[in-house]
Every structure is written in C-alpha cells, then in structure tokens.
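Subject: Structure for your files

Hello,

Here is the structure we talked about handing over. My notes on it follow below.

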Amino acid sequence: MKPKVYVETTILSYLAARSSRQPVTAGRQVITRQWWETERKKYKLVVSEVVEAECGRGDAESVSRRRELLGEVSLFPLNERILELARLLVVPGAIPEKAGPDAVHIAAAAVEECEFVLTWNFRHIANVRIRREVERILSNHGYTKTTICTPEELI
C-alpha cells in the first residue's frame with residue numbers, strides 16, 4: 001500500500017500559478033512541479049473539503065487550474081472527529097485562532113492516517129515551533145505521527 005499524503009492548498013496553488021518573478025516563490029514552484037511530475041505516483045494523494053473550498057477562491061483562471069488538479073487526488077469529507085481535533089490544535093503555541101483552516105488540514109491528515117502533510121505554509125503549518133506543539137497534541141490524543149513537510153523534503 002502506498003503511503004498517504006495530504007496535499008495542502010499551497011501545493012495546488014503553486015502548481016496552478018503562473019511562474020513568479022519572486023526568486024523564492026519561483027524556486028518553490030519549480031520544486032513543486034518537479035515533485036508533482038516525478039514523485040506523486042509513489043503516494044496516495046488526498047485532500048479534504050477544506051482544500052477543495054480554498055481552491056475555489058481567486059481569479060477564474062487559477063480556480064480552473066486548481067480544480068483540474070483536484071481531479072487527480074482523492075477527496076474526503078470533514079467529520080466531527082476531524083473538527084474536534086482541529087479545535088484541540090487551536091491553542092497558544094500551536095495553531096493561532098485566526099488560522100483555523102490550517103488546524104483543520106493537520107487534523108484531517110491525522111484522522112485520515114496520512115503519513116505526510118505536504119505544504120509550503122510556513123506561517124502556521126510547516127513552522128518548526130508550531131509543528132513541535134502540534135505533534136505533542138496529536139500524540140497526546142493517540143494519533144500516530146503525521147510528518148509535516150515541503151515537496152523539497154519529500155523528494
């Protein structure tokens with residue numbers, strides 16, 4: 001069985017976006033595209049309804065490209081177990097209240113037993129200080145470790 005990867009919205013956004021003129025963003029786009037082309041078939045890719053909703057925002061052209069990419073991953077619905085775990089992740093030192101959807105991404109990946117959360121969101125998901133506290137909370141509630149990482153780390 002292939003390892004399961006939760007594809008957070010930033011990944012699909014980087015894939016769908018026009019090439020950026022910002023060097024860091026352009027580099028991340030190249031890495032994301034490389035991962036998508038060479039690595040994704042090694043994994044079962046999943047997203048939650050939150051990713052689907054977030055992909056529906058923005059200009060029509062980007063929305064269309066992101067929706068096309070959504071056709072290549074498995075979608076699962078949110079449930080009370082995911083939402084309850086997300087609420088537990090919104091605490092000082094972990095996910096800030098204003099970043100509730102990011103807590104849902106992590107909770108969804110944990111509940112769905114994903115080995116990885118793939119993201120470029122360094123503010124609230126792949127942030128080393130936040131990640132440490134999130135891992136502690138997940139462990140305290142009996143969830144196996146879900147590794148939060150970037151495409152560069154999963155190549």
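Residues 24 or more positions apart account for 73% of the protein's contacts with a separation of 6 or more, where contact means heavy atoms within 4.5 Å. The model is predicted, so local features need pLDDT of at least 70 and side-chain atom pairs count only at pLDDT 80 or more, while totals for chains, interfaces and linings use all residues. Residues are numbered from 1 along each chain as its sequence is written, and side-chain values use heavy atoms, with hydrogens and water left out.

Overall build

The protein has seven helices and five strands. Helices (H or I, at least four residues) and strands (E, at least two) are DSSP runs, numbered from the N terminus. In that direction the order of elements is β-α-α-β-α-α-β-α-α-β-α-β. The radius of gyration is 15 Å, close to the 15 Å that the globule rule gives for 155 residues, so the protein is as compact as a globular protein of that length. That radius is taken over C-alpha atoms, and the rule is 2.2 Å times the number of residues to the power 0.38. Along the principal axes, the C-alpha atoms fill a box of roughly 40 × 35 × 30 Å.

Surface and charge

Of the 155 residues, 48% are buried. Buried means under 20% relative accessible area, exposed over 50%, and partly exposed in between (1.4 Å probe, protein chains only). The accessible surface comes to about 8300 Å², and carbon and sulfur atoms hold 50% of that. These areas come from the Shrake-Rupley method with a 1.4 Å probe; for residues, only the protein chains shown count as cover. There are 23 positive and 21 negative charges, and their mean positions are 4 Å apart. Lys and Arg count as positive and Asp and Glu as negative, with His and the chain ends not counted. Each charge is placed at NZ of Lys, CZ of Arg, CG of Asp or CD of Glu.

Strand 1 (residues 4–7) runs parallel to strand 2 (residues 44–48), joined by three bridges. Strand 1 also pairs with strand 4 (residues 116–118), again parallel and over three bridges. Pairing requires that DSSP finds at least two bridges between two strands. Tyr-6 has Val-46 as its bridge partner in strand 2 and stands opposite Val-117 in strand 4.

Helix 1 (residues 9–16) is mostly covered, with seven of its eight residues buried. Among them are Ile-11, Leu-12, Tyr-14 and Leu-15. Their cover includes strand 1, helix 2 (23–38), helix 3 (49–55), helix 4 (60–70), helix 6 (100–111) and strand 4.

Individual residues

Cys-149 sits in strand 5 (residues 147–149) and is buried, with a relative accessible area of 3%. Its C-alpha atom is 6.1 Å from that of Val-117, 32 residues away along the chain. Leaving aside neighbours within four places in sequence, Cys-149 is in contact with Phe-116, Val-117, Leu-118, Thr-119 and Leu-154.

Ile-137 belongs to helix 7 (residues 128–140) and is buried at 4% relative accessibility. With the same exclusion of neighbours within four places, Ile-137 is in contact with Leu-88, Leu-89, Val-91 and Ala-94.

Glu-113 lies in the loop between helix 6 and strand 4. Glu-113 is not a glycine, yet has a positive phi of about 60°. Most residues other than glycine have a negative phi. At 62% relative accessibility, Glu-113 counts as exposed.

Regards
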